[in-house]
Amino acid sequence: MSQLFETSSLFKVVESFGVFVCLVIHRIGNRGSQVWFGTADFEMNYKSVPAETDAEIIGCGILTCMAIVSPIILLSYLWEGRDRVQATVMDCAFCIIAAALLMCAGGMACFTYNSVFALSGPPTVANQNISRQSMQVAAAMGVTCIATSIVYLADFFWCLIQRGIHLNE
């Protein structure tokens, strides 16, 4: 149980919390309805631009993946021991993939909603069906994804250092 309070485990707890917050904002952040990663009109349909669909696939896919993987790695730290898990390359691989894809998804969300603000200026929104509060929630989702990706990137470098130490022993 003391392994739960080590640096590697705390990284996994913070990552799991960050991914959970992003998932909650994504699913119910727009006053009970879904916030999308790449479409500014808050609806996806068969007429959606491929870039909008790609942004949603990347964002939703990496959030779902890391919502499963990060707690599982934390549990494996507790069951198998941190040194045995970090001796493999899996933890490092998941960290760098999560960092890259969360940075990409968050950047696309921020870019999408920033461009909508730029069309009409911050006080109003170009699409009158979207409230300013909804746009701010979407931007918050993008920023939260980027912040979580920075935590994953820090964990990646920490895992590399720890892996080197474990392999030298």
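How many salt bridges does a search of the whole structure find? The search finds five, a salt bridge being a side-chain nitrogen of Lys or Arg within 4 Å of a carboxyl oxygen of Asp or Glu. This is a predicted model, in which local features need pLDDT of at least 70 and side-chain atom pairs count only at pLDDT 80 or more, whereas totals for chains, interfaces and linings use all residues. Residues are numbered from 1 along each chain as its sequence is written, and side-chain values use heavy atoms, with hydrogens and water left out.

- K12 is placed in helix α1, which covers residues 7–28; helices are DSSP runs of H or I with at least four residues, numbered from the N terminus.
- Because its relative accessibility is 1%, K12 counts as buried, a class that means under 20% relative accessible area, with exposed over 50% and partly exposed in between (1.4 Å probe, protein chains only).
- When neighbours within four places in sequence are left aside, K12 is in contact (heavy atoms within 4.5 Å) with S70, I73, L74, Y77, D91, C95 and D155.

**Salt bridges**

- D91 forms a salt bridge with K12, and the closest N and O atoms of the pair are 2.9 Å apart. Since D91 lies in helix α4 and K12 in helix α1, this pair ties together parts that are 79 residues apart in sequence.
- A salt bridge is also formed between D155 and K12, with 2.8 Å between the closest N and O atoms. Here D155 lies in helix α5 and K12 in helix α1, so the pair ties together parts that are 143 residues apart in sequence.
- D91 and K12 are buried, and D155 is buried as well as K12.
- A network of salt bridges links K12, E15, D91 and D155.
- R84 forms a salt bridge with E80, where the closest N and O atoms are 3.5 Å apart; R84 counts as exposed because its relative accessibility is 56%, while E80, with a relative accessible area of 45%, is partly exposed.

- I96, I97, L101, L153, F157 and L160 make a nonpolar surface patch of about 480 Å². The elements that give two or more residues to the patch are α4 (90–120) and α5 (132–168).
- Patches are made of residues with over 30% relative accessible area and no salt bridge, nonpolar side chains (Val, Leu, Ile, Met, Phe, Trp, Tyr) being joined within 5 Å and like charges within 9 Å; accessible areas come from the Shrake-Rupley method with a 1.4 Å probe.
- L101, which lies in helix α4, is partly exposed because its relative accessible area is 32%.

**Helix geometry and packing**

- The 22 residues of α1 should span 32 Å at 1.5 Å a residue, and its end C-alpha atoms are 32 Å apart, which agrees; the expected span is 1.5 Å times one less than the number of residues.
- The buried residues of α1 include F11, K12, E15, G18, V19 and C22.
- G107 is found in helix α4 and counts as partly exposed because its relative accessibility is 28%. The C-alpha atoms of G107 and G142 are separated by 6.3 Å, although these residues are 35 residues apart along the chain.
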